[in-house]
Amino acid sequence: MGTPDHLSIDALSEKRDAFVERLLQATRGTFEIFSIYLGVRLGFYDALSPGGWLTSSGLASRTGTHERYVREWLEQQTVAGILEVENEQAEARARRFRLPQAYAEVLSDQDSLNCLAPLTRLVVGAVHPLSALLEAYRTGDGVPYAHYGIDLREGQAGINRAIFLKQLGQEWLPVMPDVHARLLGVPPARIADVGCGAGWSSIGMAQRYPHVQVDGFDLDEASIELARHNAAGARLTDRVQFYLRDAGDPQLAGRYDLVTAFECLHDMSQPVAALRAMRQLVGNAGAVLVVEERVGETFTALGNDVEWMMYGWSILHCLPVGKAEAPSAETGTVMRPDTLRRYALEAGFQSVEILPIDHFFFRLYRLHT
Ligand SMILES: C[S@@+](CC[C@H](N)C(=O)[O-])C[C@H]1O[C@@H](n2cnc3c(N)ncnc32)[C@H](O)[C@@H]1O
């Protein structure tokens, strides 16, 4: 038994009841996430988003799905307050549903900064290897990134896509005027994008700076394939290339004007080796940009306003992924600024500067050689 709370019986009951209510609301939220996942993966929101009312058979025939399942999903979405129904008193198959326009942007417009559809894929992906994860907690082993599968990979790609295409080159890089000027200058600047995942950051930088050459590196084969596919779709294969490489490989060669690492250092088993390689790639003249989660400076019981989410990713995904190779720094998603400073100094950098970008989820660090 732990130390008693020293609360009165009434206060204890009130606290218990509030917790029961909280878990019920969390269950509701969990069902919402998984039901939205179904809608995203099966193309229901895309089919509903042009507006207009659809019956269950109308939606089923547009998406190649089974009417009875679709009807249940439409009713569930309506009761959850996501869809609207035009004629709720009608016979079940005659009821017509629609997606409110304001929600269509969030659920089906992948170019919008407000699109959260990929978040549901990330959540589902994070629990994909659940039994391996349970086993890892017992043995201390890790769970490789590839075992999290397509939803984690594509969810990760999707959740940052609009940020990389709309904010990275337009708002983030210009806060480093010397880097911005170099990226616009000649001869064409070279960028290495380590832990590039599906490559949207590389593509975003190449779109914003029309002369730069970008090399993306990632350890995950499926991500590199996806990145190449995305670069081809963006007609950038002449300036953006992707390579299956470990960011910490001391053999990584070349000289770059800018080396970036977006949301990936905390996933690496050996972040110091990766930073050392990044330092080598920029020599004494280039710049290094690391973008990480905007977690608090220190651990507190309340956490800051993003830590509830970052600890969630950490216990299910980032820590096990970081432990997939030994030795491991065992960092986890909640990599605090002091941890990054320590890694950077160990890797040979002189100092770490926090850039003046006010983003809810991200903190931008420039590492000085
Ligand atoms: C959370 S994802 C971030 C992907 C991308 N930068 C983004 O922001 O969407 C982390 C990525 O780091 C990659 N990664 C982890 N360890 C790596 C290493 N040692 N070398 C290269 N890539 C690595 C993973 O394969 C994964 O694609």
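Q: Why is Thr27 called partly exposed?
A: Thr27 has 38% relative accessibility. Buried means under 20% relative accessible area, exposed means over 50%, and partly exposed lies in between, with a 1.4 Å probe and protein chains only. The 38% of Thr27 falls in between, so Thr27 counts as partly exposed.

Q: What kind of model do these values come from?
A: This is a predicted model, where local features need pLDDT of at least 70 and side-chain atom pairs count only at pLDDT 80 or more, while totals for chains, interfaces and linings use all residues. Residues are numbered from 1 along each chain as its sequence is written, and side-chain values use heavy atoms, with hydrogens and water left out.

Q: What does the side chain of Thr27 reach?
A: It reaches the backbone oxygen of Leu23 at 2.8 Å. A polar contact is a pair of N or O atoms within 3.5 Å; within protein, one must be able to donate a hydrogen and the other to accept it, and residues adjacent in sequence count only if both atoms are side-chain atoms. Thr27 sits in helix H1. Helices are DSSP runs of H or I with at least four residues, strands are runs of E with at least two, and both are numbered from the N terminus.

Q: How do you know that the span of H1 is close to the expected one?
A: H1 covers residues 9–41, 33 residues in total. The expected span is 1.5 Å times one less than the number of residues. For H1 that gives 48 Å, and the helix reaches 48 Å from its first C-alpha to its last. Gly43 follows H1, with a positive phi near 80°.

Q: Which residues of H1 are buried, and what covers them?
A: Ser35, Ile36, Tyr37 and Gly39 are the buried ones. Their cover includes helices H2, H4, H5, H6 and H8.

Q: What makes Asn160 count as buried?
A: Its relative accessibility is 5%, under the 20% limit, so Asn160 counts as buried. Asn160 lies in helix H8. Its side chain makes a polar contact with the side chain of Glu263 at 2.9 Å. Asn160 also touches Phe362, leaving aside residues up to four places away in sequence. Contact means heavy atoms within 4.5 Å.

Q: Is Ser223 buried or exposed?
A: Buried, because its relative accessible area is 1%, under 20%. Ser223 is in helix H11. A polar contact of 2.5 Å joins its side chain to that of Asp220. Ser223 touches, among others, Tyr145, Arg153 and Asp218.

Q: Why is His368 called partly exposed?
A: Its 25% relative accessibility lies between 20% and 50%, so His368 is partly exposed. His368 belongs to strand S9, residues 362–368. It touches Phe349, Gln350, Ser351 and Glu353, not counting residues up to four places away in sequence.

Q: Which residues come nearest to the ligand?
A: Gly195, Asp218, Asp246, Ala247 and Phe262, of the 18 around it. A residue is near if one of its heavy atoms lies within 4 Å. Helix H8 gives the most to this shell, with three residues.

Q: Which backbone atoms lie 2.8 Å from a nitrogen atom of the ligand?
A: A backbone N or O atom of Ala247 does. The protein covers 94% of the 590 Å² of accessible area that the ligand has on its own. Accessible areas come from the Shrake-Rupley method with a 1.4 Å probe; for residues, only the protein chains shown count as cover.
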